[in-house]
Amino acid sequence: MSELTQLSPQPLWQIFAKICSIPHPSYHEEALASHIMRWAQEKGLHGERDEVGNILLRKPATPGYEKRRPVVLQAHLDMVPQKNNETLHDFTRDPIQPYVDGDWVKARGTTLGADNGIGMASALAVLADDGVQHGPLEVLLTMTEETGMAGAFGLQPGWLQGDILINTDSEEEGEIYMGCAGGVDFKTILPLEREAVPAGYHVLKLTIKGLKGGHSGGDIHKGLGNANKLLARFLSKQAHALDIQLIDFNGGTLRNAIPREAYATLALPQENAESLSQLAQSFLSVIKSELAAVEKKLAIQIDPITPDAPVLTKVTSDRFIALLNAMPNGVIRFSDDVKGVVETSLNVGVVSMEPEQAHIRCLIRSLIDSGKDDVVGMLTALGSLAGAQTAAKGSYPGWKPDANSPVMHLVRETYQKLFNKTPNIQVIHAGLECGLFKKPYPLMDMVSIGPTITGPHSPDEQVHIKSVGQYWTLLTALLKAIPEKD
């Protein structure tokens, strides 16, 4: 932590180091929220929470800035809990261990939580630093963004006084976001039938691991491997030839993270075990070649294990493998309106098995509602063909771009003056909370900015140190430049 506190801007990094020291994965943000409320009280700031746990802090305007338009700085409290398989870490109890590696800050074996911890730290640093000039200021910290945007869904009208909102959840310095995709969760539940492990069958655990993983929105266009889909692909090709019957299949941990690992526990005739090993290595060579540009550590591992459950019947095993192999995944369509931006995608994020059911959880994203509806229709049809139950829930809207947004133009002009270059105006495929904020606050002018963060939602997450300084310079200059009320 001491490494971080020496970085510049020091107030921001000191607060981020403290955030890292307090566990705050989704659904476990209360310790961090309580700390922030105590911190605000010590600073003499107004602080309150709403029914869903969102935090609202207020600071009066700098003298002379009282007539400026009131601004809301917004971030979310939770982080995505992902770790390498060999890393021993309990996200509900253990602190994140950040460290400086050259130009970047990383974490030891886990996600860093720069998404959205740096944005949260920047908002709190503005409150702590009386040298930052600003008009009437609010800081909104929302609950459980990463697993369904519960805080944003629960935000009530009339609570916020600001009419400009600066979201801090973007991940590329030099880019200004003015729109984002909406999303919907989709679950497929396939009934399973089981029988005793056939006589003479050998039980093995087949694991695909070493994939990079990543953000199911911001990284979905990069061609990264999805462990669930790769394992289903192998099983689909070899299950019949090797007389494979599944016992278990488990892959991925979050519907909004591209799965890095998946395993299948399977039974097959003893005489086919050696063929399985040879075919797995052949498959590994094929996918290593296909994904050579993006996946450098891909591996397949086979381990003998003691069977602790009956196998799926041959019909059920084949049906599950076919269903998972047939599911679309990744980019469905690029936008015609915003060049280079994904319009619609889905991530086959989490696959798990119980004794009588298999669960497949996906996250669908789209800039347009019809795109979401199209993919829901595909997955519903597949489920129907396989005899599975399906359900779409938790739909949240996209944030429709506004080319005439005054705050977007102000950010662009401020950036140009500061850095003598023009920032990119973008629409992000990831889900930001701004679309949900528009329901209770339809007239609020919104923009999203942030530093450069790579590998979010994976243990490769890192934040670029210099870009944090540039982001801080932009944010503080922007607050000073906010115009007076009409």
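User: Leaving aside neighbours within four places in sequence, what is Pro-328 in contact with, and what makes something a contact?

Analyst: Pro-328 is in contact with Leu-346, Val-348, Met-378, Leu-379 and Leu-382. Those pairs count because a contact means heavy atoms within 4.5 Å. Bear in mind that this is a predicted model: local features need pLDDT of at least 70, side-chain atom pairs count only at pLDDT 80 or more, and totals for chains, interfaces and linings use all residues. Residues are numbered from 1 along each chain as its sequence is written, and side-chain values use heavy atoms, with hydrogens and water left out.

User: Why is Pro-328 called buried?

Analyst: Buried means under 20% relative accessible area (exposed is over 50%, partly exposed in between, with a 1.4 Å probe and protein chains only). Pro-328 has 18% relative accessibility, so it counts as buried. As for where it sits, Pro-328 is in the loop between helix 8 (314–326) and strand 18 (330–334). Those helices (H or I, at least four residues) and strands (E, at least two) are DSSP runs, numbered from the N terminus.

User: What makes a group of residues a nonpolar core, and which members of the largest one touch the most others?

Analyst: The members have to be buried Ala, Val, Leu, Ile, Met, Phe, Trp, Tyr or Cys residues, joined through side-chain atoms within 4.5 Å. The largest such core holds 64 residues, and Trp-13, Leu-73 and Ile-166 touch the most other members. Helix 4 (residues 114–128) gives this core its largest share, 9 residues. There's a second, separate core of 52 residues, with Leu-190, Leu-192, Ala-227 and Phe-249 among them. As a rule, nonpolar side chains in soluble globular proteins tend to be buried together.

User: What does Ile-166 contact beyond four places in sequence?

Analyst: Its partners are Val-71, Val-72, Leu-73, Gln-74, Val-447, Ile-449, Leu-475, Leu-478 and Leu-479.

User: What are the classes in the lining of the largest pocket?

Analyst: That lining has 7 nonpolar, 9 polar and 12 charged residues. Ala, Val, Leu, Ile, Met, Phe, Trp, Tyr, Cys and Pro count as nonpolar, Asp, Glu, Lys and Arg as charged, and the others, Gly among them, as polar. The second largest pocket's lining divides into 12 nonpolar, 13 polar and 11 charged.

User: How many cavities of 30 Å³ or more are there, and what lines the largest?

Analyst: There are 2. The largest holds about 70 Å³, and its lining includes Glu-173, Tyr-415, Phe-419 and Leu-474. Helix 12 (465–481) is one of the elements giving two or more residues to that lining, and it gives the most, with 3. The second largest cavity holds about 30 Å³, with His-457 and Glu-461 among its lining residues.

User: Why is the Tyr-415 and Phe-419 pair called tilted?

Analyst: Rings of Phe, Tyr and Trp (its six-membered ring) pair if their centres lie within 6.5 Å; planes under 30 degrees apart are stacked, over 60 edge-to-face and the rest tilted. These two have centres 4.7 Å apart and planes at 55°, so the pair is tilted. Tyr-415 and Phe-419 are 4 residues apart in helix 10, which means about one helical turn separates them.

User: Are Tyr-415 and Phe-419 buried or partly exposed?

Analyst: Tyr-415 is buried, at 2% relative accessibility, while Phe-419, at 22%, is partly exposed.

Technical notes:
1 Å grid on protein atoms, 1.4 Å probe; cavity = no way out; pocket = protein on both sides within 12 Å on 5 of 7 lines; lining within 4 Å. Points joined across faces, edges and corners; volume = space filled by probe spheres on them.
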